[in-house]
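Here is a short briefing to read alongside the sequence and the structure. Take a look at the fold as a whole, then follow along as we turn to a few details.

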Amino acid sequence: MTNIKDALDRIEKDLGELKRQYDLFFQGVRRTEPQDERKSVEWMVKRLGQRKLPNTLDQFRFNSLQSKFFSYTNLWIRMVRDMEEGRIARDTRGNLVRTKARAGEPVPPDHLDRVLEKLRDARRECGLSTDTKDLDSLREMLRSRAAEIAGRSGDRQVEFRVTIEGGKPKVKAGLR
């Protein structure tokens, strides 16, 4: 029984040290990501996870440590990816900060023109009015919707498509 308790103590201690090493990495003190240390802790977690833990207290403690490890791992992977893709950068003091949105349009103006033309054709096909008096307000609404979607998706380009559902034209947004 002490074997399992010792293994849990070791995982807890190594996980705390791994978190500290990642904190140093994200603060810029450590130059490389602590991948070897993470693989070591991952190996211990997997190995202990293959064993049957008869004591419910030990099982609960292991599940808690395992959950904590995987939560940290997901966080670290996401932060490293954001750093590599430029969504996170260091400020003058070395702290990580989210970068501002890029200045480009979330949807090209010519794409909006094509979507509005397809919408007009779809309305004609459905037997609806093709009046163009609200064209500017619709264009502005699509542009603001595209900016909102792009802001949530890391400034990716937004693409609109026109579909007909239930005899009515619909404009749907997607990411490029």
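Helices and strands are taken here as DSSP runs, with at least four residues of H or I for a helix and at least two of E for a strand, and they are numbered from the N terminus. Counted in this way, the protein has 5 helices and 4 strands. Please keep in mind that this is a predicted model.

**Overall fold**

- From one end of the sequence to the other, the elements follow the order α-α-α-β-β-α-α-β-β.
- The C-alpha trace spans about 80 × 45 × 20 Å along its principal axes.
- The radius of gyration of the protein is 26 Å, whereas a compact globule of 176 residues would have one near 16 Å.
- Buried residues make up 27% of the 176 in the protein.
- Among contacts with a separation of 6 or more, 55% are between residues 24 or more positions apart.

**How α2 and α3 pack**

- Two packed helices are described by the distance between their axes and the angle between them.
- For α2 and helix α3 (residues 56–84), the axes come within 11 Å and cross at roughly 145 degrees.
- The crossing in which α2 passes α3 is left-handed.
- On the α2 side, the contact is made by Arg38, Val41, Glu42, Val45, Leu48 and Gly49. On the α3 side, Phe62, Gln66, Phe69, Thr73, Trp76 and Ile77 take part.
- Sorted by class, the residues in this contact of α2 with α3 are 7 nonpolar, 3 polar and 2 charged.

**A look at Glu33**

- Where is Glu33 found? Glu33 lies in the loop between α1 (2–27) and α2 (35–49).
- Is Glu33 buried or exposed? Glu33 counts as buried because its relative accessible area is 18%, and the cut-off for buried is under 20%.
- The side chains of Glu33 and Tyr22 are joined by a polar contact of 2.8 Å.
- Leaving aside residues up to four places away in sequence, Glu33 touches Tyr22, Phe25, Arg38 and Val80.
- Arg38, one of the residues that Glu33 touches, is also one of those on the α2 side of the contact with α3.

**A look at Ser64**

- Ser64 has its place in helix α3.
- With a relative accessible area of 39%, Ser64 is partly exposed, so it falls between the cut-offs of 20% for buried and 50% for exposed.
- Ser64 and Met141 are 77 residues apart in sequence, and their C-alpha atoms are 47 Å apart in space.

Conventions
Residues are numbered from 1 along each chain as its sequence is written. This is a predicted model: local features need pLDDT of at least 70, side-chain atom pairs count only at pLDDT 80 or more; totals for chains, interfaces and linings use all residues. Side-chain values use heavy atoms; hydrogens and water are left out. Buried means under 20% relative accessible area, exposed over 50%, partly exposed in between (1.4 Å probe, protein chains only). A polar contact is a pair of N or O atoms within 3.5 Å; within protein, one must be able to donate a hydrogen and the other to accept it, and residues adjacent in sequence count only if both atoms are side-chain atoms. Contact means heavy atoms within 4.5 Å. Axes are lines fitted to C-alpha atoms, for helices over the stretch in contact, and angles run from 0 to 180 degrees between N-to-C directions. A crossing is left-handed if the near helix is turned anticlockwise from the far one by less than a right angle, and right-handed if clockwise. Ala, Val, Leu, Ile, Met, Phe, Trp, Tyr, Cys and Pro count as nonpolar, Asp, Glu, Lys and Arg as charged, and the others, Gly among them, as polar. The radius of gyration is taken over C-alpha atoms; the globule rule is 2.2 Å times the number of residues to the power 0.38.
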